[in-house]
Amino acid sequence: MNSKDTPYIAEDGTLVIPGECSDHSVKWWKGEGRPIEELLKDLGAPPATWAMYSDKPYPEDGVGGSGLDDAAT
């Protein structure tokens with residue numbers, strides 16, 4: 001189960017940034033947000049999800065979750 005305030009990738013591959021999320025670094029659309037590719041990499045996004053949100057190539061070494069939301073993978 002995902003916390004209401006933690007970003008995660010839904011079963012259908014959709015990236016979910018809950019409105020209650022207080023970590024503005026995950027809100028790439030805001031000035032203080034980091035690139036979406038960093039967030040996707042942190043969440044361990046599969047290639048299909050990566051392609052939905054980025055026009056950059058999927059990393060050759062794949063992506064590995066860094067623990068933002070280990071329960072989502």
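**View 1. Contacts and overall fold of the chain.** Of the contacts in the chain with a separation of 6 or more, 35% join residues 24 or more positions apart. The model shown is predicted. Its secondary structure consists of 2 helices and 2 strands, arranged from the N terminus in the order β-β-α-α. The chain has 73 residues, of which 36% are buried.

**View 2. The largest nonpolar core.** This core is built from 12 residues: Ile-9, Leu-15, Ile-17, Cys-21, Val-26, Ile-36, Leu-39, Leu-40, Leu-43, Ala-45, Trp-50 and Val-63. Helix H1, spanning residues 36-42, provides the largest share of the core, with 3 residues.

**View 3. The aromatic pair of Trp-28 and Trp-29.** The structure contains 2 aromatic pairs. In the pair of Trp-28 and Trp-29, the ring centres lie 4.9 Å apart and the planes meet at 85°. Planes over 60 degrees apart count as edge-to-face, and the pair is therefore assigned to that class. Trp-28 has a relative accessible area of 32% and is thus partly exposed.

**View 4. The aromatic pair of Trp-50 and Tyr-58.** The ring centres of Trp-50 and Tyr-58 are 5.7 Å apart, and because their planes stand at 85°, this pair is edge-to-face. Trp-50, a member of the largest nonpolar core, is buried at 5% relative accessibility. Tyr-58, at 28% relative accessibility, is partly exposed.

Terms used:
Residues are numbered from 1 along each chain as its sequence is written. This is a predicted model: local features need pLDDT of at least 70, side-chain atom pairs count only at pLDDT 80 or more; totals for chains, interfaces and linings use all residues. Side-chain values use heavy atoms; hydrogens and water are left out. Helices (H or I, at least four residues) and strands (E, at least two) are DSSP runs, numbered from the N terminus. Buried means under 20% relative accessible area, exposed over 50%, partly exposed in between (1.4 Å probe, protein chains only). Contact means heavy atoms within 4.5 Å. A nonpolar core is a set of buried Ala, Val, Leu, Ile, Met, Phe, Trp, Tyr and Cys residues joined through side-chain atoms within 4.5 Å. Rings of Phe, Tyr and Trp (its six-membered ring) pair if their centres lie within 6.5 Å; planes under 30 degrees apart count as stacked, over 60 as edge-to-face and the rest as tilted.
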